Amino acid sequence: MQPKSTIVHLPVYQPGKPIEEVKRELGLTEVIKLASNENPFGSSPKAKEAIQAEIDSVSLYPDGGAVELTAALAAHLGVQPNQILFGAGSDEVILMIARAYLVKGDETVMATHTFPQYKHNCEIEGAVSIEVPLKDGKHDLPGMLAKINERTKIVWVCNPNNPTGTMVTRAELNDFLQKVPQHVLVVLDEAYIEYTDSEEFPDGIELLPHYKNVITLRTFSKIYGLASLRIGYGVGHPDVIHSINQVREPFNTSRFAQAAAKAAVKDQEFIAYCREMNAAGIEYMTGEFRKLGLSYYPAYGNFIMVDVQRPAKEVFDALLRKGFIIRGGHALDFPTKIRVTVGSQEQNAKFIAALTQVLDEVAVQA
């Protein structure tokens with residue numbers, strides 16, 4: 001049996017190596033994973049209590065419309081309930097957007113390199129992905145604007161960008177949106193927005209009243225620490241949300257995810273703590289990188305892309321042998337760069353010590 005022609009060339013997504021697998025392979029007793037931008041401080045105690053309270057309802061289907069969670073999130077964000085759509089992680093919302101809006105021959109514009117699921121899902125639908133190279137790790141919004149034409153259906157802007165961690169500013173984004181034709185849907189992926197407190201950073205929710213063709217994506221996987229529960233969401237104009245809802249699978253988010261997310265939204269003290277600790281971690285790690293003579297992209301999420309001036313695959317392997325799972329740039333088309341998640345202070349200090357050793361062990365890229 002032959003699969004559809006639009007998927008035969010697609011790579012299978014490769015997540016960071018699991019901790020237990022690395023322990024088994026290398027005979028290690030301690031492994032620190034700084035590869036998937038997970039929250040090292042876990043999740044809100046209130047979210048954990050909410051999960052436990054759902055145990056007796058495990059045999060029941062979840063609320064297909066996530067009504068209570070929608071109401072709580074709408075109140076928190078200051079939007080209407082009909083502006084919100086939930087998915088099994090923001091990844092599924094990306095899938096639903098592509099399914100709802102793209103047909104064979106449509107064009108979609110994105111940066112390269114950015115979150116790979118945009119291109120992946122667009123090509124499944126037979127759309128043509130137009131990729132515009134980053135400039136100094138940032139989206140080249142003027143370059144992306146120049147690629148928009150009558151066949152363009154969607155433009156993707158990841159802010160902060162994954163994997164580089166850079167941002168486009170409020171002024172840059174507003175100038176871009178004012179010039180994008182109304183027939184083009186602009187997807188602002190803000191999975192890491194809660195980590196930044198920069199005054200220049202644009203808030204996609206604030207843009208929605210001014211641009212009906214904008215949808216912003218967010219997630220409970222990152223700062224909220226609910227990655228294993230797979231729940232994310234999109235916020236946009238009611239008409240856009242309605243169209244995407246038409247392709248949403250029933251019961252696509254679990255009772256546990258909905259309950260935990262509702263409790264987590266109401267515990268903003270935990271979010272503030274995580275933001276503060278992450279900022280301290282970035283300050284510490286970038287300071288250590290400077291001491292080591294390493295350059296890095298400005299970090300606005302909970303990860304840093306740093307140029308180790310050596311083959312990324314060799315640095316990745318050497319760190320792995322020391323019990324550290326990071327993302328090597330060799331897999332992201334950054335041959336001398338690595339991406340590392342900001343961990344706890346203890347994890348960060350151990351990583352820097354290991355990296356210092358690795359830099360002595362691996363030769364500088366000629």
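Author: Helix 12 against helix 13

Val-315, Ala-318 and Leu-319 of helix 12 are in contact with Phe-351, Ala-354, Leu-355, Val-358 and Glu-361 of helix 13 (contact means heavy atoms within 4.5 Å; helices are DSSP runs of H or I with at least four residues, strands are runs of E with at least two, and both are numbered from the N terminus). By class, this contact has 7 nonpolar, no polar and 1 charged residues (Ala, Val, Leu, Ile, Met, Phe, Trp, Tyr, Cys and Pro count as nonpolar, Asp, Glu, Lys and Arg as charged, and the others, Gly among them, as polar).

The model is predicted, with local features requiring pLDDT of at least 70 and side-chain atom pairs pLDDT 80 or more, while totals for chains, interfaces and linings use all residues. Residues are numbered from 1 along each chain as its sequence is written, and side-chain values use heavy atoms, without hydrogens or water.

Next, the geometry. The axes of helix 12 (residues 312-321) and helix 13 (residues 345-361) come within 10 Å and cross at roughly 130° (axes are lines fitted to C-alpha atoms over the stretch in contact, with angles from 0 to 180 degrees between N-to-C directions). Helix 12 is therefore oblique to helix 13 (under 35 degrees is roughly parallel, over 145 roughly antiparallel, 65 to 115 roughly perpendicular, and the rest oblique).

As for the whole, the protein chain has 13 helices and 13 strands. Its C-alpha atoms fill a box of roughly 55 × 55 × 55 Å along the principal axes. Buried residues, those under 20% relative accessible area with a 1.4 Å probe and protein chains only, make up 53% of the 366 residues.

Notes. Buried means under 20% relative accessible area, exposed over 50%, partly exposed in between (1.4 Å probe, protein chains only).
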